[in-house]
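Please examine the structure shown below alongside its sequence.

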Amino acid sequence: MGVSGPIRVVVAKPGLDGHDRGAKVIARALRDAGMEVIYTGLHQTPEQIVDTAIQEDADAIGLSILSGAHNTLFAKVLELLREREAEDIKVFGGGIIPEDDIAPLKAQGVAEIFTPGAPTTEVVAWVRNHVRPVAA
């Protein structure tokens, strides 16, 4: 994980989900806030996402999942990060994720979940404050 320069975030659409408008909106908001964003595009495997994050020296991975496969996909990304000794890369996400699934996802290691309608300013503020917080 990089320690200087702008925060680097991989924004990814894992699995068979074919709708990426929200991911693109978040990617643009993070970019406009001065972060470096690597958008992977649609239909990425967890392996491709983790490989990209490591190769790009990312500070975080933001997953957008609308397909209902969030429990499986988040778990696989977290597992691969552990296997690759890259647990310092924070994982957050958003999409159509039922309220009842949020606490278990966080217990597995997902740092934050944003649900539909979350303002982009909230996502940007969270990334700034939690991905690479400025020392007090």
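Helices H3 (70-83) and H4 (99-108) pack at an angle of about 10°, and their axes lie 10 Å apart. Axes here are lines fitted to C-alpha atoms, for helices over the stretch in contact, and angles run from 0 to 180 degrees between N-to-C directions. H3 and H4 are therefore roughly parallel to each other; angles under 35 degrees count as roughly parallel, over 145 as roughly antiparallel, 65 to 115 as roughly perpendicular and the rest as oblique. Helices (H or I, at least four residues) and strands (E, at least two) are DSSP runs, numbered from the N terminus.

The model is predicted, and local features need pLDDT of at least 70, side-chain atom pairs count only at pLDDT 80 or more, and totals for chains, interfaces and linings use all residues. Residues are numbered from 1 along each chain as its sequence is written, and side-chain values use heavy atoms, with hydrogens and water left out.

Which residues bring H3 and H4 together? From H3 come His70, Asn71, Phe74, Ala75, Leu78 and Arg82, and they meet Asp101, Leu105 and Gln108 in H4. The residues of this contact (heavy atoms within 4.5 Å) divide into four nonpolar, three polar and two charged. In this classification Ala, Val, Leu, Ile, Met, Phe, Trp, Tyr, Cys and Pro count as nonpolar, Asp, Glu, Lys and Arg as charged, and the others, Gly among them, as polar.

The strands come next. Five of them form an open sheet in the order E2-E1-E3-E4-E5, and the pairing is parallel; two strands pair if DSSP finds at least two bridges between them. At the edges are E2 (36-39) and E5 (112-114), each of which pairs on one side only. From one strand to the next, the twist averages 20°. Helix H1 (residues 21-32) packs on this sheet, where it touches E1, E2 and E3, and its direction makes about 160° with that of E2.

Individual pairings can now be followed across the sheet. E1 and E2 pair in the parallel sense over four bridges, with Val10 opposite Ile38 in E2. Four bridges also join E1 to E3, and the bridge partner of Val9 in E3 is Ala60. E3 and E4 are paired over six bridges, and Ile61 stands opposite Val91 in E4.

Are the residues of E1 and E3 buried or exposed? Buried means under 20% relative accessible area, exposed over 50%, and partly exposed in between (1.4 Å probe, protein chains only). Five of the five residues of E1 are buried, so E1 is largely enclosed by the rest of the structure. On one side of E1 are Arg8, Val10 and Ala12, and on the other Val9 and Val11. Six of the six residues of E3 are likewise buried, so E3 is also largely enclosed.

A nonpolar core is a set of buried Ala, Val, Leu, Ile, Met, Phe, Trp, Tyr and Cys residues joined through side-chain atoms within 4.5 Å. The largest core has 24 residues, of which Ile61, Leu63, Phe74, Leu81 and Val91 touch the most other members. Strand E1 (8-12), helix H2 (46-55), strand E3 (60-65), H3 and H4 each supply at least two residues of this core, and the largest share, six residues, comes from H3. A second, separate core of 17 residues includes Ile7, Val9, Ala27 and Val123. Leaving aside neighbours within four places in sequence, Val91 is in contact with residues including Ile61, Leu63, Phe74 and Leu81.

Most residues other than glycine have a negative phi. Asp57, however, has a positive phi of about 55° although it is not a glycine. Asp57 is placed in the loop between H2 and E3 and, at 36% relative accessibility, counts as partly exposed. Glu85 also has a positive phi of about 55°. Glu85 lies in the loop between H3 and strand E4 (90-95) and, at 72% relative accessibility, counts as exposed.
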